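I opened the notebook to record what I looked up in this structure. The entries follow the order in which I went through it.

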Amino acid sequence: MRELILLRHAHAESALPDQPDFDRPLSADGLAEAEAAARWLLEQRLIPDQVLCSPARRTRETLEAALAVLGYVDQRLEPSIYEATPGTLAALLDRYRDTERVLLVGHNPGLERLVALLHSGQSGDYRGMPPAGVAVLEFDEGAAVEPGAARLAAFWWP
């Protein structure tokens, strides 16, 4: 069994005038949400082997808060995650199909549509993923990351 954990960034501050969306920081509530998500992952014994994270400030801060709870995990910043489509995310994740448990920290609508695509086979069949929401998907051993190939094992939000 192989597991994919999707973590949407926690609540971020609104952009200041002339501030790029990419540079929005977490709010105080967002920091607490990220820590709560990490505690839930720890309680479920869902410690990733590899983390892939968008380079946007709010995702990096979500990951930093999570790793303060989970401990060190091998991590990579992946620019393709920012504003990614479900297909882009699936292609990225498929390169890690030999990794037992991957955590991807990213954004909507890409994450919520990816959950739907991998679970039901249709990216339009999504229900939403709140800030700091966590979706855990399970794949059969060696399965490709493709539409309908996963089972939604857990869904959590703060």
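I count two strands as paired if DSSP finds at least two bridges between them. Helices (H or I, at least four residues) and strands (E, at least two) are DSSP runs, numbered from the N terminus. The model is predicted, so local features need pLDDT of at least 70 and side-chain atom pairs count only at pLDDT 80 or more, while totals for chains, interfaces and linings use all residues. Residues are numbered from 1 along each chain as its sequence is written, and side-chain values use heavy atoms, with hydrogens and water left out.

Entry: sheet. I looked up the strand order and found an open sheet of six strands, β3-β2-β4-β1-β5-β6, with mixed pairing. At the edges I noted β3 (74-77) and β6 (150-156), each pairing on one side only. From one strand to the next the twist averages 20 degrees. I then followed β5 (residues 134-139), which pairs with β6 in the antiparallel sense over six bridges. In that pair V136 stands opposite A154 in β6.

Entry: helix packing. I took helix α3 (residues 86-94) and helix α4 (residues 110-120), which pack at an angle of about 70 degrees with their axes 8 Å apart. α3 is therefore roughly perpendicular to α4. Axes are lines fitted to C-alpha atoms, for helices over the stretch in contact, and angles run from 0 to 180 degrees between N-to-C directions. Angles under 35 degrees count as roughly parallel, over 145 as roughly antiparallel, 65 to 115 as roughly perpendicular and the rest as oblique. The α3 side of the contact (heavy atoms within 4.5 Å) consists of P86, L89, A90 and L93, and the α4 side of G110, L111, R113, L114 and L117. I sorted these residues into seven nonpolar, one polar and one charged. Ala, Val, Leu, Ile, Met, Phe, Trp, Tyr, Cys and Pro count as nonpolar, Asp, Glu, Lys and Arg as charged, and the others, Gly among them, as polar.

Entry: cavity. I searched the whole structure and found one cavity of 30 Å³ or more. A cavity is a set of points, on a 1 Å grid over the protein atoms alone, where a 1.4 Å probe fits but cannot get out; lining residues have an atom within 4 Å of a point. Grid points are joined across faces, edges and corners, and a volume is the space filled by probe spheres set on the points. The largest cavity has a volume of about 50 Å³. Its lining includes L89, G110 and L111. The lining residues divide into five nonpolar, four polar and one charged.

Entry: backbone. P109, also in the cavity lining, sits in the loop between β4 (101-106) and α4. I noted that the peptide bond from N108 to P109 is cis, with omega near 5 degrees. D18 is not a glycine, yet has a positive phi of about 65 degrees. I placed D18 in the loop between β1 (2-8) and α1 (28-43).

Conventions:
1 Å grid on protein atoms, 1.4 Å probe; cavity = no way out; pocket = protein on both sides within 12 Å on 5 of 7 lines; lining within 4 Å.
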